[in-house]
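Me: Please take a close look at a single aromatic residue in this model and describe its surroundings in one connected account.

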Amino acid sequence: MKLRKIKENTKQPSKITEFNVFSEVIGFLKNSKMPASCVKQLYVAKCMKELDSQTKIELNTVKGKALNSLVTSAQKVFKAAEASFIDKDEEKAYVQYARFIELVLILKKNKDFLKHTESKSISRNANTAIVKAEELKASLLKRYSILEEINCLAENKKNDIITSRQNNKTEVIKSPEKTLDKVIPDREMPKVEDIVEYSISSSKLFSILPQSNVILMDTRPPNDFAESHIKLGQCINIPQHLLVPGTTAMKLEGDLPPESLGKWYKRGEADYVVLIDWDSKDETSHSLHIESLKQAMSKWDQKCTLKKPPMILQGGYRDWMLKYPQYTTQALNFNSMGDFKSQSPTVIADVSGTVQILLL
């Protein structure tokens, strides 16, 4: 293998050996001819948040347009998304599928849409688009994570070299008349942006609850929530049977239990919004209804903007109950809980194109 040869040839006693390996690997990837079956390199965005920002459709661009015009636009966007998917351009396909889904939501608000001859075809395509968008998102999250690690390695090595030169070298300029010492001025080091967290551990959640405004959204079934839930903070139940792909915040408001509405309306004031189910691990491995709730608040919410992206409780309610049983309304015996895992929806990372998800 060429990559193995590169690593063997770079085993030299040097302080920046890792950086040399990194440079040669990147050069190899850039210069090599990738086979047609491989996905295209990332070029649209640097992270998932930046890519999601490109999926939004400005309402003023579609306001007042005729139903036939919107239907035609939706069909064209879906066709383009399918072409990008076949071409293995994951970023472009994800953006196009997401825009198509948003167009479908706009079409469904038109009372004449269900009478349109293409309504059933578009609805079927919407189910396909949702499944493929989730599949693409799982893949892109992993690829952006790898890209971030590579960039971080390069930046660390670059900063090490700059720091070494600042601390150990002084450039001396000599002339026939006199010698001038020119000290290289300190350079402002690049600022590291705050890392956006998409999940939170039980111990960290416990530490921030006393001094922060936290809303806990428990997505377990109503019976499970009534039997036992976190008794700290503002905990509300958003039953998982309401959380299907494509659900909007406005649709949820009409279906939520009355006792959950008061705190739901104040979600925009919360410092943190934490999503809970039985045992989701983190932002890369969680249930489909958790993802649907995240999308409803992050992408399909026209009334409210959260201060921070919603975070997933690592290990779910099971982990919290194991660590802080005294801060639950009732500590449960796990042997009596039943096989709740078998009832959980498919994990996002495991969704395939053969799974059927109904939008209507």
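Reply: Tyr-97 is buried, with a relative accessible area of 0%; buried means under 20%, exposed over 50% and partly exposed in between, for a 1.4 Å probe and protein chains only. The model is predicted, so local features require pLDDT of at least 70 and side-chain atom pairs pLDDT 80 or more, while totals for chains, interfaces and linings use all residues. Residues are numbered from 1 along each chain as its sequence is written, and side-chain values use heavy atoms, without hydrogens and water.

Tyr-97 forms an edge-to-face aromatic pair with Phe-85, at 6.2 Å centre to centre and 70° between the planes. Rings of Phe, Tyr and Trp (its six-membered ring) pair if their centres lie within 6.5 Å; planes under 30 degrees apart are stacked, over 60 edge-to-face and the rest tilted. Because Phe-85 lies in helix H5 and Tyr-97 in helix H6, the pair ties together parts twelve residues apart in sequence; helices are DSSP runs of H or I with at least four residues, numbered from the N terminus. Phe-85 is partly exposed, with a relative accessible area of 25%, and the charged end of Lys-132 sits over its ring, 4.5 Å from the centre. That term requires NZ of Lys or CZ of Arg within 6 Å of the ring centre and within 35 degrees of the ring normal. Phe-78, Phe-85, Tyr-97 and Phe-100 form one aromatic cluster.

As for helix H6, 16 of its 19 residues are buried.

Methods. Helices (H or I, at least four residues) and strands (E, at least two) are DSSP runs, numbered from the N terminus.
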